[in-house]
Amino acid sequence: MNARPGGLWRHPDFMRLWTAQAVSSFGARIAREGLPMAAVLSLRAGPVAVGLFAAITLGAQAAVGLFAGDLVDRLPGRRLLIGADVARALVLAALPLAALAGHLSLIEIYVAGALMGVFNVLFDIADHAILPTLVEPAELADGNAKLAATDAVAEVGGPALAGLLFQLVSPPLAVAVNAATYVVSAVLLGRIRPTPAAKPEGEPEPFRLALTDGLRIVFAHRMVWPLWLGDVAKSFFGNFYAALYIVLAIDVLKLTPGMLGLTIAMGGIGGFAGAALAPWLTRRLGAGATILAGGVVGAAMTFLIPLASGPPLVAMAMLATAQLIGDGLQTVSGIGAVTLRQTLLPTHQLGRAAGAFAAFGALAGVVGALTGGVLGAAIGPRETLLIASAGITATSLLLVLSPLRRLR
């Protein structure tokens with residue numbers, strides 16, 4: 001079917017989903033930066049401790065990702081989205097209470113990270129699967145671009161606000177700001193009315209078989225499995241950054257929390273520009289070329305991060321350039337990849353396919369975060385992140401050999 005007159009601006013349910021995602025994403029950036037910042041600034045956590053936090057969070061994502069895809073394909077997606085929002089609000093609301101009671105420690109931060117990982121992946125998989133039940137196929141690229149654009153705006157405002165809050169109040173109180181955003185998101189999601197996805201005829205597949213069905217769906221399509229392999233490899237090397245980026249910026253380059261927040265916010269500006277350009281570039285270059293070119297050049301930009309040096313303002317400029325250009329191009333590639341999956345796969349398979357991406361990407365991320373933390377402590381954050389940049393770039397170059405390069 002064709003896109004509606006006036007586009008998605010005149011689609012009430014999409015606008016509610018979009019607004020809910022924007023509110024939730026903005027606050028989530030505060031939580032994402034706040035938990036490891038709380039560990040580094042308040043509890044003096046080092047590379048191994050921060051790497052362990054990332055591994056625990058990703059481990060929880062991997063565990064639930066094995067089941068969440070099948071859960072999303074079987075249950076109403078709207079209820080899962082609302083439940084995940086409410087649960088995340090409760091988890092984050094508990095942190096300032098622990099801080100006020102004087103009991104905040106790395107254990108509490110690890111537990112919060114694990115629970116947030118569980119509900120984040122459940123929300124993300126359900127969010128990925130519900131969009132095709134709200135909009136027409138011709139509107140998917142536009143819808144994904146709009147969702148990515150608000151994610152990028154949140155990337156600008158969230159970290160910048162987090163950096164400012166951490167200089168004015170304690171990190172746990174800054175994290176608590178996010179709890180209210182999840183409540184607002186849940187209220188908005190309660191008002192959407194998605195069209196039920198068509199289910200295959202016959203008896204439901206046994207749950208034990210559905211655990212591996214996501215991989216079967218992914219590898220059955222020659223255009224989808226390269227995206228999965230690239231996602232898993234990039235998650236491994238990318239989570240070296242999860243373990244060491246904040247340590248490098250604060251301990252090695254001597255950036256203040258406010259400077260770090262502004263630096264990360266530049267990635268949001270790049271992501272916003274990438275989201276705006278993605279549909280146009282896809283029409284001009286084709287889906288395959290856009291996904292591959294954005295991935296390769298965006299990956300190469302990450303070398304600016306471990307190469308950053310000099311006075312804090314000079315180092316900040318190098319990090320900001322990597323965030324601005326690299327995140328923008330990775331957003332272009334990511335929008336193309338998600339839209340391709342939603343276009344090629346039947347709606348009733350999207351949850352399980354997304355679960356395969358989330359679970360195995362998170363498993364690779366666990367290994368990457370632990371490896372990055374150990375290597376960072378052994379050879380230094382800068383040297384370890386050089387290895388990560390080389391790995392991400394090599395992975396992107398290998399995908400050029402896949403069938404994606406011929407996809408128009």
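**Starting with a leucine**

I began at Leu115, which is found in helix H4, residues 106–130. My model is a predicted one, where local features need pLDDT of at least 70 and side-chain atom pairs count only at pLDDT 80 or more, while totals for chains, interfaces and linings use all residues. Residues are numbered from 1 along each chain as its sequence is written, and side-chain values use heavy atoms, with hydrogens and water left out.

Is Leu115 buried or exposed, or partly exposed? I found it partly exposed, because its relative accessible area is 36% (buried means under 20%, exposed over 50%, partly exposed in between, with a 1.4 Å probe and protein chains only). Leu115 also belongs to a nonpolar surface patch with Ile107 and Val111, and together they have about 260 Å² of accessible area. For the record, patches take residues with over 30% relative accessible area and no salt bridge, joining like charges within 9 Å and nonpolar side chains (Val, Leu, Ile, Met, Phe, Trp, Tyr) within 5 Å. The areas come from the Shrake-Rupley method with a 1.4 Å probe, and for residues only the protein chains shown count as cover.

**The whole chain**

Next I stepped back. I counted 14 helices and zero strands in the chain (these are DSSP runs numbered from the N terminus: helices are H or I with at least four residues, strands are E with at least two). Written out along the sequence, the pattern reads α-α-α-α-α-α-α-α-α-α-α-α-α-α.

How much of the chain is buried? I got 55% of its 408 residues. The accessible surface of the chain is about 16600 Å², and carbon and sulfur atoms hold 71% of that. I also looked at contacts between residues at least 6 apart in sequence: 89% of them join residues at least 24 apart (contact means heavy atoms within 4.5 Å).

**Salt bridges**

Side chains of opposite charge can pair when their charged atoms come close. I went looking for such pairs, using the rule that a side-chain nitrogen of Lys or Arg lies within 4 Å of a carboxyl oxygen of Asp or Glu. How many salt bridges turned up? The count by this rule is two.

One joins Asp13 and Arg16, with 2.9 Å from N to O. The two are about one helical turn apart, because they sit three residues from each other in helix H1, residues 12–42. Asp13 counts as buried because its relative accessibility is 14%, whereas Arg16, at 22%, is partly exposed.

The other joins Arg88 and Asp85, at 2.8 Å from N to O. Both lie in helix H3 (residues 77–100), three residues apart, or about one turn of the helix. Arg88 is buried, with a relative accessible area of 4%, and Asp85 is buried too, at 0%.

**Helix H8 and what follows**

I ran along H8 next. It has 28 residues and reaches 39 Å from its first C-alpha to its last, close to the 40 Å expected at 1.5 Å a residue (the expected span is 1.5 Å times one less than the number of residues). Where is the kink in H8 centred? It is centred on Leu244 and comes to about 50°; the bend at a residue is the angle between axes fitted to the seven residues ending there and the seven starting there.

Just after H8, I stopped at Lys254. Its phi is near 65°, a positive value in a residue other than glycine. Lys254 sits in the loop between helix H8 (225–252) and helix H9 (257–285), and it counts as exposed because its relative accessibility is 55%.

**Partners from elsewhere in the chain**

Met37 is in helix H1 and is buried, at 1% relative accessibility. Met37 and Ile246 are 209 residues apart in sequence, yet their C-alpha atoms are 7.5 Å apart in space.

Thr181 is in helix H6, residues 171–189, and counts as buried at 13%. Leaving aside neighbours within four places in sequence, I found Thr181 in contact with Val23, Ser24 and Gly27.

My last stop was Pro403, in the segment after helix H14 (381–399). Pro403 is buried, at 14% relative accessibility. With neighbours within four places set aside, Pro403 is in contact with Arg222, Met223, Trp225 and Pro226. The C-alpha atoms of Pro403 and Trp225 are 9.8 Å apart, though 178 residues separate the two along the chain.
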